[in-house]
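Colleague: Could you take a close look at one part of this model for me, the helix packing and the core around it? I'd like it in one go.

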Amino acid sequence: MVVTTTAIAFIVLSAGLGFCGWWFLRAFRKSGGLKNNQKIGFLLSLFFLGFSLHSFVVGLSGLFFPYSEIYFSLLVFTHSLLGLLALLGVSMIYHIFLPKSSVYSALLPVFFLGVLTIFITVLIHPEPTITGGNSLDFNLGPILSFCVWILSLISIGMPLIVFSRLFLFSKDVELKILSLLISVLAFLGIFNVSIQLLKFLDISENVRSKMFDAGISLVGVGFVIFLASLSFARKRLGVSKKISPRVHAEN
C-alpha cells in the first residue's frame, strides 16, 4: 500500500463533507424531521453524506491503486456514485426552485451521462500513476475526464446555486454566513476539479496534481473548522436558535 497525497486529501475532504452532512442532519432532526415536512434538510444531509462517501472511496482508491483490480472496482463505484449524486443534485434544484415542473426531462440526460461515464471507464480501464510530488494521476483520458467533469459540475453546482441564493435573499445573519461559506467552498471545488480534469492551465502535471491535492484538502478543512467554530460559538453564547435550510421561505 502506497500512501499518496491525493489519498490523504480526499480522506480529509470526506471528513469535512461528513461533518457538514452530520451538522445538517442534526439541524433537520431538531427542526422536527420529516414529520415537520422539512424534506430539504433531509436531502441536503443525504447529499453531503453521499459526497463524503464518494470522497472516502476515492481516497481508498488512492491507497490501493497498486492493486489494479481493487482500484478499478473502486473507480467504477465512485463514478457510479458521482452519477447518483448528480441526479440527486438536479432533483433538489427542481424540488426547491421548480416544484411544479417535471424533473424527468432534466434527469434523463444526466442518467445517460452517468451510464456513459461508467461504460467508458470499463472500456478504457484507466491505469493510474504517481507524479514526482507523490500525487496520484488518475489518467482518465480526455473523454472520460470531460464526462467526470460534467457530473462533478452538476453535483457541486447544486449547493453553489442553493446557498448562493440563500446568501443573497436571507435576512438571517447566521444563515448568510453559513451560506457564504458553503458557496465559496463549492466554487473552490468546481475550480479545483476543472484545473485537474480540463487542464486549462499551462502547468506541469506535477504542479497541477499538487494544486489539486491542496485544494481538496483546503475545502475539507474549511468545512470542519467553520462548522465546528459555529457550533462552539452558539453553545458558548447560549444561542438556542436552530439552523435549518429554509430554502422555500427565503425564495
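Modeller: Axes here are lines fitted to C-alpha atoms, for helices over the stretch in contact, with angles from 0 to 180 degrees between N-to-C directions; helices are DSSP runs (H or I, at least four residues), numbered from the N terminus. On the α4 side, the contact (heavy atoms within 4.5 Å) includes Val110, Leu113 and Gly114, and on the α5 side Ile143, Leu144 and Cys147 are among the residues involved. By class, that contact has 12 nonpolar, three polar and no charged residues, with Gly counted as polar and Asp, Glu, Lys and Arg as charged.

A caveat: this is a predicted model, so to speak of local features takes pLDDT of at least 70, side-chain atom pairs count only at pLDDT 80 or more, and totals for chains, interfaces and linings use all residues. Numbering runs from 1 along each chain as its sequence is written, and side-chain values use heavy atoms, leaving out hydrogens and water.Next, α3 (residues 68-97) packs on α5 at about 35 degrees, axes 9 Å apart. Its contact with α5 divides into 15 nonpolar, five polar and one charged residue.

Then there's the largest nonpolar core, with 61 residues: buried (under 20% relative accessible area, 1.4 Å probe, protein chains only) Ala, Val, Leu, Ile, Met, Phe, Trp, Tyr and Cys joined through side-chain atoms within 4.5 Å. α3 gives the largest share, 13 residues. Ile182 is one of the members that touch the most others; leaving aside neighbours within four places in sequence, Ile182 contacts Cys20, Phe24, Phe48, Pro159, Phe163 and Phe223.

How values were computed
Helix = DSSP H or I, 4+ residues; strand = E, 2+ residues; numbered from the N terminus. Buried < 20%, exposed > 50% of the residue type's maximum accessible area, 1.4 Å probe, protein only.
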